[in-house]
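User: I am new to this structure. Please walk me through it in short steps.

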Amino acid sequence: MSSYVSRRNLIKSVGLAGVARTLPLGFGAFALAPEMPRLPWPAPQQEGAEGAGLTYAFLNSEEQAFIEAAVARLIPADELGPGALEAGVPQFIDRQLIGVFGSGGDWYLQGPWVEGEPEQGYQMRLVPQEIYRAGIRDINLYCQETYGGPFAELAEEQQIEVLQGLQSGEIALQDVPAALFFSTLYQNTMEGFFADPIYGGNRNKVGWRLVGYPGAASVDYGALVEEYYNRPYEVEPVSIADIQTGEASHSHE
Amino acid sequence: MAIKKDPVDAVVVGMGWAGGIMAKELAQAGLTVVGLERGPYRNTAPHFQPPEIHDELRYARRHGLMQNLRRETNTFRNNPRQRALPMRQWAYGQGAYPLGEGLGGSGVHWNGQSWRFLPWDFETRSRTVERYGEEAIPPDATIQDWGITYDDLEPYYDKFEYAAGISGQAGNLQGQTQEGGNPFEGPRQRDYPLPPLKTAYSGLLFWEGAERLGYHPFPSPAGNQSQAYTNPDGVAMGRCLYCGFCSKYGCEVAAKSSPLTTVLPVVLGLDNFQLRTHANVIRVNLDDTRTRAVSVTYVDAQGREIEQPADIIVLAAYALNNVRLLLLSGIGQTYDPMSGEGLIGKNYSYQFISAVSAFFEDRVFNPFMSAGAMATVVDDFNGDNFDHTGLGFIGGGFIAQFTGEAAPINTHPVPLGTPPWGSEWKRAAAENYRRAFTIITHGAVLSYRNNYLDLDPTYRDAYGQPLLRMTFNWTDNELRMADFLTNKAALIAREAGASDINIFRLARTFSIVPGQATHNNGGAIMGADPATSVVNPYLQMWDVPNLFVVGASAFPQNTGYNPTETVGALAYWTADAIRNRYLKNPGPLA
Ligand SMILES: Cc1cc2nc3c(=O)[nH]c(=O)nc-3n(C[C@H](O)[C@H](O)[C@H](O)COP(=O)(O)OP(=O)(O)OC[C@H]3O[C@@H](n4cnc5c(N)ncnc54)[C@H](O)[C@@H]3O)c2cc1C
Ligand code: SF4
């Protein structure tokens, strides 16, 4: 019994047809789809203690403290459940920064560098690694001057004030436009809260649980679309990692 | 020194829908064919398999299946007085028009909205003049008729629909209006090969609201297979799972019409076809007379320059790259907006999308049960389906409730006025994810004197070649049309019972930052007159008859619909002309 096609079986069956040069081997295996049983799958194990595994590859200690505080203001822990910090968003951002995203690996980075119109999109030389590094230093200098301490050590209300000032561009930073820094942090925080947990955020799928998103399982919703008219389809969310590790994987044989 | 390969009968540049269809049709006619694709090989398995393919960050946010901008992009400006600058990044799932790369092209990660254009669309200029007079044509619009009609293309639309396994509900069968279909569509000789997809609950509410307003809702034609299907070439496709990972993803069960699930399996099985991936074509070479193309030159994965001679050369590298390759090869005269002289790059057009988010207090949706083209549509305000007198614009678009993308990084709607972060945002996101849907408008953009493509004077790609430069902006015609359509969409949202709506109007100035329509057209347009078109009605270069330029580059202006079914139909139409006429007597077909 399974909620989705067993990965091994699927690859086997698609493999035959997908790369076949002779016709028409077809996708006969998928005729099974309507009979594919659905729920329930076993609830995956809860993750270990909070704080376990908080390691960093890119961010230094000053930056770690900043990010941990900032993301907790953007998506706070509250009566609705864990926030970005508990979801592992700092680790998500760190891993993004050490990889292709952080170095602008798939950006067009040839000059000349010219300031354009907003409609022409991003035109700065800074890649995300540099935006975070320079931005956090600038913001901490501003906080030191204005409040007498780095961002991470300010009171929550002061941190919110700073984030609002960055968002609106009212705070001017030395190297990085404040609004650029804010939007980068904001986009990455949302990503880290809602992306698959394989990237280090959305721990225990808290982002998905918050909104009621079932995740990455390969469910045949064909039969359910109409059955669930005006009715919430509520399941234990399943992540890519759950399936890869076998937590939520079982064959339908 | 370039390595020179043995000549073949035909070389096809680009292995998307246009190239895949051309390669298959020419190879099946017995020609030796080489297919050149700048991107990698990929296929349903192992590349699009779950769980890994169900990764919103990688595919919908980072555009994992699309063009790597590090090697190539285009530059952009709103008008000829500005300095064009490169589109440097896909920002967080945005980027106006993500471009395809790799076997199957964008056909791998499209939604599958599969439209026939209206009969009116092929005769935009003459029918507008006929009904509203010359003065209804906006100043500076350079619109013209296609040189073919809907009736010419109808058999080839049919061919595409049956090859691709399109799901839909006929609205006009041989002139008879069909219940539940689009009453405005041109007559079709037979029904779709597959019944329409299911209707989402959101689509049902849209349907009911639209109907109460007197409009004519119908299920979107979809390149997502509502049932398992085997096409006339014997290629089998799976049934759509409504998996919710469709647009920007490959399909795990081969239930999305794609070159990889239709034409490429056939041609890859033929001994007279050879596929070369990682082959980036940099130019077409002409002979001394400049009236015959002799070969193409490409750079392979190892950086070697390779020349491939062929008797027939087909450019099918997407609308933008078709134009760029013509410009890089010095073929034809580059368009100059000042003098109006030259044709290559002229009549570039785009498409607009505006949206209305509808929030409901007493309804629950499951937005993740969705397919790329699972939608309910009204076509009452498309083309010339309505009287434009006094409206101040011509053309139109469709209004639709698309299920589309629903993964939560990109999709977590909150009512206007909600702060974008903090506890209040969090509560709104939690409350509304299942209580909202979006209605989009999808509108035509005409062609204008100052919207065009040429080569950038400054910026270059990784091969040292000039980037394509795009000069484009909306004009009053689109802005008025967008407002008109957006108001209608809001009306439907209210009628559907929304308690709250967010209206996203078309910004007054076009920006390449937000994600929007992926539909670039024109620049190498077709027509009946060599003085006003680059290719003849068979997509054959007037000046160079053994060179065919296949794709939306041929559209003289855009319509309200997504382009791909028309790109596919034009490819079949062109291939047919080559097979049945050109091969017997190589030379101009018109
Ligand atoms: C996210 C998304 C959703 C879409 N949804 C829809 C939809 O629902 N309905 C619809 O009608 N359309 C849709 N489209 C548009 C649709 O995908 C295109 O219209 C269609 O794929 C165009 O086909 P093509 O063969 O002309 O070009 P492409 O599919 O772009 O294929 C061109 C190929 O040529 C290759 N190439 C380019 N330059 C070179 C070169 N120099 N040398 C060698 N190879 C080269 C490219 O790598 C590519 O593989 C969507 C597009 C995107 C990105
Ligand atoms: S929605 Fe359907 S067609 Fe699209 S990827 Fe999922 S199963 Fe394939």
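This is a predicted model: local features need pLDDT of at least 70, side-chain atom pairs count only at pLDDT 80 or more; totals for chains, interfaces and linings use all residues.

User: Which residue has an N or O atom in its side chain 2.8 Å from a nitrogen atom of ligand 1?

Analyst: A polar backbone atom of B:Asn111 is 3.1 Å from a nitrogen atom of ligand 1. That pair uses the backbone. The 2.8 Å pair uses a side chain, and the residue is B:Asn321.

User: How much of the accessible area of ligand 1 does the protein cover?

Analyst: Accessible areas come from the Shrake-Rupley method with a 1.4 Å probe; for residues, only the protein chains shown count as cover. On its own, ligand 1 has 1000 Å² of accessible area. The protein covers 97%.

User: How many residues of the shell around ligand 1 are charged?

Analyst: The shell has 35 residues (a heavy atom within 4 Å of the ligand), with B:Glu37 and B:Arg38 among the closest. Nonpolar means Ala, Val, Leu, Ile, Met, Phe, Trp, Tyr, Cys and Pro; charged means Asp, Glu, Lys and Arg; the others, Gly among them, are polar. The shell divides into 13 nonpolar and 18 polar residues, and the charged ones number four.

User: How much area do chain A and chain B bury between them?

Analyst: Contact (heavy atoms within 4.5 Å) takes in 92 residues from chain A and 88 residues from chain B. Buried area is the accessible area (1.4 Å probe) that two parts lose on being put together, summed over both. Carbon and sulfur atoms hold 60% of it, and the total is about 7400 Å².

User: Which residue of chain A forms a salt bridge with B:Lys426?

Analyst: A salt bridge puts a side-chain nitrogen of Lys or Arg within 4 Å of a carboxyl oxygen of Asp or Glu. The count between chain A and chain B is five. For B:Lys426, the closest N and O atoms are 2.9 Å apart, and the partner is A:Asp78.

Definitions and conventions: Residues are numbered from 1 along each chain as its sequence is written. Chains are lettered from A and ligands numbered from 1 in the order in which they are written. Side-chain values use heavy atoms; hydrogens and water are left out. A polar contact is a pair of N or O atoms within 3.5 Å; within protein, one must be able to donate a hydrogen and the other to accept it, and residues adjacent in sequence count only if both atoms are side-chain atoms.
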